[in-house]
Amino acid sequence: MDISRYKRYISKETMMGPDSITILAELIDRYPLQSSADDLILDLGCGMGSTSFVIAKETGAKVYANDLWVSAEENEKRFAQWGISGQVTPVCEDAGDLHFQKKRFNALFSIDSYHYFAGYEGFFQEKILPFMKDRGVVLIGIPGLKDEYTGRAGELLSEWLGDDAHMFKSPTRWKELIGSHDRIEMVETWEMDRFEEAWSEWLATDNEFARGDRQYFERIIRPYTCFVGIYIKLK
């Protein structure tokens with residue numbers, strides 16, 4: 001994926017953390033989707049919608065852009081400006097209480113958001129799997145803890161994240177949390193490669209949250225954390 005095509009959609013107005021398009025690009029490059037205009041993809045936790053835009057452009061599929069914190073009306077205005085209103089549908093629902101038709105989506109992406117709501121056993125099987133078609137694909141990219149520090153999130157990250165440190169889990173732990181099911185063919189988790197690139201884009205922005213992260217990057221974020229990639233293939 002040529003990320004340079006989307007640079008103008010990466011800005012302090014649309015970024016809500018480390019560059020989600022960089023994270024998305026690694027997932028798409030590692031597991032390219034064979035999609036058609038009739039396929040439906042859910043972008044779960046889409047934020048300001050830049051990932052939904054890229055998914056639509058890269059796959060040609062119809063995309064449902066869901067976020068709880070950003071209203072559908074706000075994202076609809078952005079999608080109209082970007083010329084994708086006919087291809088991307090904004091939704092504002094809780095990820096744990098979705099109201100889509102069962103077995104609706106061919107694929108699901110979740111970039112820098114899944115860790116906020118899915119960090120317990122059974123979530124994937126109960127809240128996500130029912131909406132996925134057979135032979136569907138799920139691709140997730142989220143911040144996490146390096147495998148070597150498993151179980152030490154509170155100790156290592158609390159100065160930076162406070163009570164939210166528990167949301168950072170290792171690739172191995174995320175594989176355990178996804179778990180097994182008779183509809184799941186395989187689950188792969190890994191430490192993603194584009195950590196530095198995604199963080200550098202974010203830290204370079206003039207954003208109050210980015211400024212806060214800068215003071216922790218060298219001492220806490222870089223040595224102990226990673227981005228966790230998750231690939232789930234369904235039967």
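Colleague: Which loop holds Asp112?
Modeller: This is a predicted model, and phi of Asp112 in it is near 55 degrees, a positive value in a residue other than glycine. As for its place in the chain, Asp112 lies in the loop between strand 4 and helix 4 (114-117).

Colleague: Is Asp112 buried or exposed?
Modeller: Buried means under 20% relative accessible area. Asp112 has a relative accessible area of 18%, so this residue counts as buried.

Colleague: Where is Arg135 found, and is it buried or exposed?
Modeller: Arg135 has a positive phi too, about 65 degrees, although it is not a glycine. The residue is found in strand 5. The cut-off for exposed is over 50%. With 67% relative accessibility, Arg135 counts as exposed.

Colleague: How many of the 7 residues of strand 4 are buried?
Modeller: Strand 4 covers residues 105-111. This strand is largely enclosed by the rest of the structure, because the buried residues number 6 of the 7.

Colleague: What joins strand 4 to strand 5, and what stands opposite Ala107 there?
Modeller: Strand 4 and strand 5 run parallel, with 6 bridges between them. In strand 5, the residue opposite Ala107 is Val137.

Colleague: And over how many bridges do strand 1 and strand 4 pair?
Modeller: Strand 1 takes in residues 40-44 and pairs with strand 4 in the parallel sense. Ala107 turns up here as well, since Ile41 stands opposite Ala107 in strand 4. The pairing of strand 1 and strand 4 runs over 3 bridges.

Colleague: What is the strand order of the open sheet, and which are its edge strands?
Modeller: The sheet has 7 strands with mixed pairing, in the order 3-2-1-4-5-7-6. An edge strand pairs on one side only, and that holds for strand 3 (88-91) and strand 6 (184-191). From one strand to the next, the twist averages 15 degrees. The edge strands, then, are strand 3 and strand 6.

Colleague: Which strands does helix 1 touch?
Modeller: Helix 1 (residues 20-30) packs on the sheet, and its direction makes about 140 degrees with that of strand 4. The strands it touches are strand 4, strand 5 (132-145), strand 6 and strand 7 (225-234).

Colleague: Which strands does helix 7 lie across?
Modeller: Helix 7 is made of residues 171-178 and runs at about 160 degrees to strand 6. It lies across strand 5, strand 6 and strand 7.

Colleague: What is the angle between helix 1 and helix 2, and which residues of helix 2 make the contact?
Modeller: Helix 1 and helix 2 (residues 50-59) have their axes 9 Å apart and pack at about 35 degrees, in a right-handed crossing. Helix 1 brings Ser20, Ile21, Leu24 and Ile28 to the contact. From helix 2 come Ser50, Thr51, Val54, Ile55 and Glu58.

Colleague: Stepping back, how many helices and strands does the chain have, and what is its radius of gyration?
Modeller: The secondary structure comes to 9 helices and 7 strands. For 235 residues the globule rule gives 18 Å, and the chain is close to that, so it is as compact as a globular protein of that length. Its radius of gyration is 17 Å.

Colleague: What share of the residues counts as buried?
Modeller: The C-alpha atoms fill a box of roughly 45 × 40 × 30 Å along the principal axes. The accessible surface comes to about 10600 Å², with 46% of it belonging to carbon and sulfur atoms. Of the 235 residues, the buried share is 55%.

How values were computed: Residues numbered from 1 in each chain as written. Predicted model: local features only at pLDDT ≥ 70, side-chain atom pairs only at ≥ 80, totals over all residues. Heavy atoms only, no water. Pairing = 2+ DSSP bridges. Helix = DSSP H or I, 4+ residues; strand = E, 2+ residues; numbered from the N terminus. Axes fitted to C-alpha atoms, helices over the stretch in contact; angles between N-to-C directions. Contact = heavy atoms within 4.5 Å. Rg over C-alpha atoms; globule rule 2.2 N^0.38 Å. Buried < 20%, exposed > 50% of the residue type's maximum accessible area, 1.4 Å probe, protein only. Areas by Shrake-Rupley, 256 points an atom, 1.4 Å probe, with all protein chains shown as cover. Left-handed = near helix turned anticlockwise from the far one by under 90°.
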